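Let's walk through two contact surfaces, one between chains and one inside a chain. Have a look at the model first.

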Amino acid sequence: MRLSSILATTATAALIAGPLAAEVKFGALYPFSGQLALLGEESARGVELAVEEVNANGGVQGEEVVLVRGDAVDNNQAIGEARRLISRENVVAILGTYSSSRSIAASQVAELSGIPYFELGAVADEVTGRDLQYLFRTNPTAEDMGRMSIQMIVDRIAPVIGKDPSEVRVGVIHEDSSYGTSVAGHQERFGEEAGLEIVTVQGYPASTVDMSSLVLDLQGREVDVVMQTSYQNDSVLFLQQANEAGFKPSAIIGGGGGYSMVPTAEAVGTDVIEGVFDVDFTQYTVDPSYAPGMEDFVATYREKYGEEPRSGHSLNNYVGAMAIFGALDEADGFEPDTILAAVEAVDIPEGETAAGYGVKFGDQNQNERAKMMGMQWQDGRLVTVYPEEAATSEMKIGE
Amino acid sequence: MTETATRPATALERTNRQTLGWAALGLLLAALLVVPIVVGDEFVYHIFITICLFAALSTAWNIVGGYAGQLSLGHAIFYGIGAYAGVILVNMGVSPWFGMFVGAGVAVVAAVVVSYPCFRLHGPFFALATIAFLEVFRVLALHFRDLTGGATGLMIPLKIGWEWMVFRERLPALLIAFGMLLVCLAVAWAIRSRRLGFQLVATRERESAARAAGVATVRVRLIAVSVSAALSAMVGTFHAMYLTYIEPASMFSLQLSIQIAMFALIGGIGTIWGPLLGAVLLVPITEFARGALGAEAIGLHGFVYGLVLMLVVLFMPDGIMGVLSRFSGARKAQDGGDEGHIAAASPSRTPPEIGKPVLKVENLEKHFGGLHVTNDVSFTLREGEILGLIGPNGAGKTTLFNMISGFLAPDGGSVSVLGRDGTWHSPSDPGEYAALGVGRTFQIVQPFAAMSVEENIMVGAFHRFHAVADAREAARQTAHRMGLGRYLEDEASSLTIGGLKRLEVARVMAMEPRVLLLDEVMAGINRADVRRAVDLMLSIRETGVSIIAIEHVMQAVMALSDRVIVLNSGEIIAEGDPKEVVRDPQVIEAYLGKEFADA
Amino acid sequence: MQTFLQIIANGLMLGGLFAIVAVGLTLIFGIVKVVNFAHGEFLMVGMYATYLLTTGLGVHPYATAIAVVPILFVLGALTQRFLIQPLMNARDEHIQIFATVGLSTALINLALLLFGADIANTPNYQLRSQVEIGPVRLLQGQLWVFLAAILLVTGLQLFLKRTNIGRAIRATAQNRAAARLMGINDRFVYILTFGIGAACVGLGSALIAPLYPSSPTIGTYFVLIAFVVVVLGGLGSIPGAFFGALLIGLVDALSGFYIGSDLREAVVFGIFLVILILKPSGLFGTRMSLSHVSP
């Protein structure tokens, strides 16, 4: 259904922009069913919007971009769908994938087939840590997330609470899948490098129904700052149970997932979530002058899907896809090596994309300009507070 | 019931059907290999590799879940162990062809450790225990990061070539997956059609009857679990190489475990080819459904999947194999009364000399809570003797039987059996009793319902023979002697009660016991059958077998027994010649009440 | 010391939560002898029903129990009548397990289809407000759950022991054939029992919904714990399930604090396995249908 409506709109767009000579196919590999479907779908919408925009402006190299969906519901399926996209649909490249494990599995297939694979949303380090030739990642990573949260503590939080970084006691908790574990690992590493006192690092299953013991543990260790990398259910649970146990650290820094979503705030109550920090992909409250095009994106999104974007995933996927399409438009042909060369030449400075961060592929084909944003819940809204150039509001601590 | 359905299949028809079945199977297997090669599409390759993979896993599972009837929902443990062993070793520079066997070895150890304590548990309890073990393995895999890489998982270096099981083209991967499927099928087929398979199914159907027939139930189950685990682990190693990336969540996954079992269930649980059929049918349907419904709305495809599963369970509880056998006109039980004739010697012949003692019971004691069910019972059984054991209900006869066949441990006293070597032994479990030649029947008949009459008797015959052909021959002979010759091909559950009782005896007779314990083989059968049973027992005794028979049918007891023991409230109250014993006032009192005895 | 008391209190409250979910399961498990893998999804359905009724009608979540309990009763009765009953005499007892797995899959995905993967928040009407009892602080809602669990266990126990229907249910559980001979309609008893088991979890969901956000997969975590509780308590033993739940709640809370939150699942399942293997009749149970020597 949805695909055909996209095709219809792209056709209309094509009429306006003049006839496009031919089609060029790209794969969109996301988890569209199963547990990860919500944000998988949200991510794919960003790519869809990018495709529409590109086609409305004459396509890529004058050819109309056609997006073929693949459903990466599990790792085996991710491999199967990658195969199908490559051998059946003859896509020139694959965009994806939101989930890190699907990305790792599917990109190995693309690598062996010699087809470029563009990761626009998965954060695990391992995605780009494998010396793959055909894999590129535009989005910031778990490492960026860890680094950003530690920077926030050292730069801003420690001075305000009047402590030297070495006196700040930090508790790191995380859900125990790949996502939480890798972010927490970086937080621990960067924290120790910055001289913070990391008093505990604890994992827990995301499906847990009780975190009171963990809260008591953190309380007992007299933690100043809690960093939690989590999904939604566990974010809600921790915030509620911490509040109920009377545990009030100087700062709580959430990592992505649940912390960026409005239903989380509704679930715990705006008074409870007030002042809580969040490090995540660029969301929609970033300074528009830092992220040109973000407002247009939101407007188009609303028009097309009839609702507000549910998270920043669509925006970041959109930005990544636009950068890739832009680069390909400059090239001549869609041979894998041509694509590689075109993408390697991309050089978009910071502050010129709708997500704020720039694009330039460095070591391991990772976008070295990709950045997470530091945000904070203020008066029931998530606002960007860090770094300075992207901030829309002042950081509030200890009020 | 149509004419054709009731008509017993002739041997020719059966052979034709069999040939047809083999041909269909050959075609199916060939198609698994040929279709992707002809189509040449990578995605089709992937689908067929997935089919082979799941069919192989499911076939391996079926050895435990189907043959042995232990519903494991934790089979991903073994698959995961194989995957991790393979990947860890590849990262150390060891080829997965070797790692595969390391994984299989570790999986066997894990299987024995996990299953041994769980075999006491049945049905849902076993399933829950395996789920719990799976959860523990998953959490441990997450926790021990140095070994497993924790939640972030492990990857293999993309070293291409047969040596590393990683390929650019798809054909070699298909060949390996197909080869593994063939290995799994061959092993499953070999097990099912050999002694081990019979013993597993017998254990699944009636554990106590299997033990009485001399089956070492724990041992055969452990073998089944080990084989199944090793095969699953090897498939796991290959799949890890195919995925190139593994993590605890997808390796030690409950969902995967359920899926493996599901393919077997839908194909036909406990059959050799069912799991294969299940995977061949379901994998493409799942793929198609996902393609057609997945993009439509989140959850729709899963919802339909759940519904289909319920419908399949409701309307095809025996799976595809069940439907197929219904189509091929399965033989139907013919219930023409007990026309079988016992090729017995006429009872008029003089009984053989009663020889030396073969079984000694000394001062046996048993308490159930406050109840003294066996009180200082002692007696001796001689070679070629028929000893009648009578007594009112609740006298403790069956308890006594359970103690002299190893099913119950006595609280005091001893049971000794004369071995073939001429020395006295004190066996302690049913297996040891069986090995010494003590065979028993059960008061409530315990046929192996899913087996034919012939196969039922073969379970007993396997006590003496290793080869299927020998056991089959022995079973046939026994069946003819017991008047079951014409029912050989019938399912045991289709027999009449008289037939079932004879089957019960036949199974024990096939073991060629030296001491036969018969628990009410005449209860509930008609007069003609009683006569036949009496003839039967006399003819058995003529071969030198000693018999202890619990009986309520007095006329039979009198006609048969050389000696009678009367048990009341756990005590022997009379012993001796049958005609004298029935005149004993104590016996009359026990049976008919005090007033009667005094009168 | 204060922390320790707080952990104990948290563990007990968690135990109350597990108890109210597990009581229905133990009833079904013990009497119909079916492992209901869809039990967690019954909880999920109940929580969504509570959510919809509370937000739709603007009533207190506890008031929705008037509707949620009957809804779940009907769901349970229908499950027994149309899914389990046709399989009661199946050759393979495992079949029923797969039937409930199918039901569970269908229900989770139906919820995903209807409500999306997002969480749904039932208004909590101050049920998350604090109550201080001596040195420990608890939530009002948790205390109500705990209290309700005690009442439910007592009520069910009285129902089974003192009423005619209850006696019929127990008779059927002990010997189906004999009960039938005595004129008990065993099919009806099973349908009723399944309905009551589901209704129990319906009551639980009205109490739990204000404390936890509902999501399609909320049941999956609860159901495994509930099985642990049921087996620990002894098959079909309702007081056993209650004390088993308290024990698991305490183990969960204590191991979460003293051993580490990443390993506490392993501890819970490890204890479960040890008890299952060493004392398969459960900590509080008397007997169970294990491998038996027949007759």
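**Two interfaces**

Across the interface of chain C and chain A there is one salt bridge, meaning a side-chain nitrogen of Lys or Arg within 4 Å of a carboxyl oxygen of Asp or Glu. It joins the side chains of E244(A) and R128(C), at 2.4 Å from N to O. This is a predicted model, where local features need pLDDT of at least 70 and side-chain atom pairs pLDDT 80 or more, while totals for chains, interfaces and linings use all residues. Residues are numbered from 1 along each chain as written, chains are lettered from A and ligands numbered from 1 in written order, and side-chain values use heavy atoms, without hydrogens or water.

The contact (heavy atoms within 4.5 Å) takes 30 residues from chain C and 29 residues from chain A. About 2,500 Å² is buried between the two chains, with 55% from carbon and sulfur atoms; buried area is the accessible area (1.4 Å probe) that two parts lose on being put together, summed over both.

Now for chain B, whose domain assignment (automatic or from a database) gives domain 1 (27–253) and domain 2 (357–598). Their C-alpha centres lie 43 Å apart. Here 18 residues of domain 1 of chain B touch 24 residues of domain 2 of chain B, burying about 1,800 Å², of which carbon and sulfur atoms give 66%. On the domain 1 side, R195(B), F198(B) and R206(B) lose the most area to domain 2, together 35% of what that side buries. As for salt bridges between these two domains, the count is zero.
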